[in-house]
Amino acid sequence: MLREGGLVAFPTETVYGLGANALDARAVARIYEAKQRALNDPLIVHIAAPEQLEQVADLSALSDLQRARLDALAGAFWPGPLTVVVWRKASVPANVSAGLDTLAVRFPSHPIAQALIRYAQCPIAAPSANRFGHVSPTTAQHVLDDLDGRIDLVLDGGATQIGLESTVVNLTTEPPQLLRPGGVTRAQVEAVLGVALAAPVQQNDESAMPAPGMLTRHYAPRARLVLCADEDALLAQHAFLKGQGELVGALLMRDHARAQATIHPHFVLGQTLEEVARNLYAGLRALDAQGVSVILAVRLPEVGVGEAIADRLRRASAR
Ligand code: TXA
Ligand code: MG
């Protein structure tokens, strides 16, 4: 199907992707159509071996220092949840990267993703397999909920392990930029590079996107998301909002016993940051499906994968 220009959704270790042959401009255009994705939001190209990078990226355009950084990151985190932004090769259709000269590339660790890329015999362009602006899918059912009838196939590999999208690092700038926190932590990347990553550029203007995909409101559920400092604040918000006639749901930690007894519907995310990352999108979707008007959640420490969790919660709660 991929070789014939079709759209195939597939599991990765982060979230499900919606794949098309990255070297086929018409197939890539179908991704934007199916997702109703903004045409200025570039895609990530997925490869099945580090050597395949040269098929899609112009590595000669990197300085020696940038090349060394790329090799270090690939050596440390590939295959895995790290995406690097490098220079696009002229033979790769421009719509893959929304017309930019740069290209985002990732070598996923999921065996089904790897096998798919190898069998297709082409690099695969794949954004997350959700409707544009919606919460990313972490199960095949989530993909169907958003895209059934608009895509050709979903490969069902069960629930994804990490649950949040890959970390995106731009290697074409000095110093490199953290465009999106994700499955690999900032500290891990900085330890390998030996340099502090520049802050992601916040961008609200869709017409000019130097850091595409960084729209403030993104990863959003239908319901309004309200972040609270702790369980007490969450219970107080719940009482207040119920008094206003809102239908209130909550994303809770395993040790939030009082809130679990008081707030219905609720969804228990787990206790560790890794569990929260894995279950966050399923929780947002589950509460949305129960028709709540407001979702309450507590703020968590922004350490490790907590930075990516906080980033997604902030964007999902932006109005
Ligand atoms: O974990 C993931 O990365 C998942 C799985 C399927 O691999 N994919 C994913 O793709 O999250 P997507 O399209 O939802 O997010 C890709 C983001 C863009 O929104 C943008 O922030 C960044 O990657 N990106 C892609 N190409 C870029 C480029 N040339 N320059 C800067 N940022 C880019
Ligand atoms: Mg996405």
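Visitor: Quick one to start: how many aromatic pairs does the structure hold?
Guide: One aromatic pair. Bear in mind that this is a predicted model.

Visitor: Which rings are in the pair, and how are they set against each other?
Guide: They belong to W78 and F107. The ring centres are 6.4 Å apart and the planes meet at 75°, so the pair is edge-to-face.

Visitor: And where do W78 and F107 sit?
Guide: W78 is in the loop between α3 and β4, while F107 is in the loop between β5 (102–106) and α4 (111–120). The pair therefore ties together parts that are 29 residues apart in sequence.

Visitor: Is W78 buried or exposed? And F107?
Guide: W78 counts as buried, at 9% relative accessibility. F107 is buried too, with a relative accessible area of 7%.

Visitor: You mentioned α3. How many residues does α3 have, and how far does it reach?
Guide: Helix α3 runs over residues 64–77, which is 14 residues. From its first C-alpha to its last it reaches 20 Å, close to the 20 Å expected at 1.5 Å a residue.

Visitor: Which residues of α3 are buried?
Guide: Q66, R69, L70, L73, A74 and F77 are buried. They cover an arc of only 125° around the axis, which puts them on the same side of α3.

Visitor: What about the other side of α3?
Guide: There you find D64 and G75, which are exposed.

Visitor: What covers the buried residues of α3?
Guide: The cover includes α2 (53–56), β4 (82–87), β8 (167–170) and α6 (186–193).

Visitor: Changing topic: where is the cis peptide bond at P175?
Guide: It joins E174 and P175, with omega at about -10°. P175 is in the loop between β8 and β9, and E174 is placed in the loop between β8 and β9 (177–180).

Visitor: Is E174 buried or exposed?
Guide: E174 is exposed, with a relative accessible area of 55%.

Visitor: What does E174 touch, then?
Guide: Leaving aside neighbours within four places in sequence, E174 is in contact with L65 and R69. R69 is one of the buried residues of α3.

Visitor: What residue does the cis peptide bond join to P265?
Guide: H264, and omega is about 0° there. P265 lies in the loop between α8 (257–262) and β12 (266–270).

Visitor: What's the backbone like at Q36?
Guide: Phi of Q36 is near 55°, a positive value in a residue other than glycine. Q36 is in the loop between α1 (25–35) and β3 (44–46), and it is partly exposed, with a relative accessible area of 47%.

Visitor: And what is phi at Q121?
Guide: Positive, about 60°, although Q121 is not a glycine. You'll find Q121 in the loop between α4 and β6 (124–125). At 64% relative accessibility, Q121 counts as exposed.

Visitor: Let's zoom out. How is the chain divided?
Guide: Into domain 1 (8–193) and domain 2 (224–317). Their C-alpha centres lie 29 Å apart.

Visitor: How many residues of each domain are in contact?
Guide: 23 residues of domain 1 are in contact with 15 residues of domain 2.

Visitor: What area do domain 1 and domain 2 bury between them?
Guide: About 1500 Å², with 56% of it on carbon and sulfur atoms. On the domain 1 side, V135, L164 and P181 supply 39% of the area buried against domain 2, more than any other three residues.

Visitor: Which residues does R285 touch?
Guide: Not counting residues up to four places away in sequence, R285 touches N130, H134, V135, S136, P137, H142, D145 and D146. R285 is in helix α9 (residues 273–289), and at 10% relative accessibility R285 counts as buried.

Visitor: Last one: is V143 buried or exposed?
Guide: V143 is buried, with a relative accessible area of 0%. V143 is in helix α5 (residues 140–147). Beyond residues up to four places away in sequence, V143 touches A9, Y16, A129, P137, D148, I151 and V154. The C-alpha atoms of V143 and N130, 13 residues apart along the chain, are separated by 6.2 Å.

Note on methods
Residues numbered from 1 in each chain as written. Chains lettered and ligands numbered in written order. Predicted model: local features only at pLDDT ≥ 70, side-chain atom pairs only at ≥ 80, totals over all residues. Heavy atoms only, no water. Helix = DSSP H or I, 4+ residues; strand = E, 2+ residues; numbered from the N terminus. Expected span 1.5 Å × (residues − 1). Buried < 20%, exposed > 50% of the residue type's maximum accessible area, 1.4 Å probe, protein only. Arc of directions from axis to C-beta. Contact = heavy atoms within 4.5 Å. Phe/Tyr/Trp six-rings, centres within 6.5 Å; stacked < 30°, edge-to-face > 60°. Domains from an automatic or database assignment. Buried area = accessible area lost by both parts, 1.4 Å probe.
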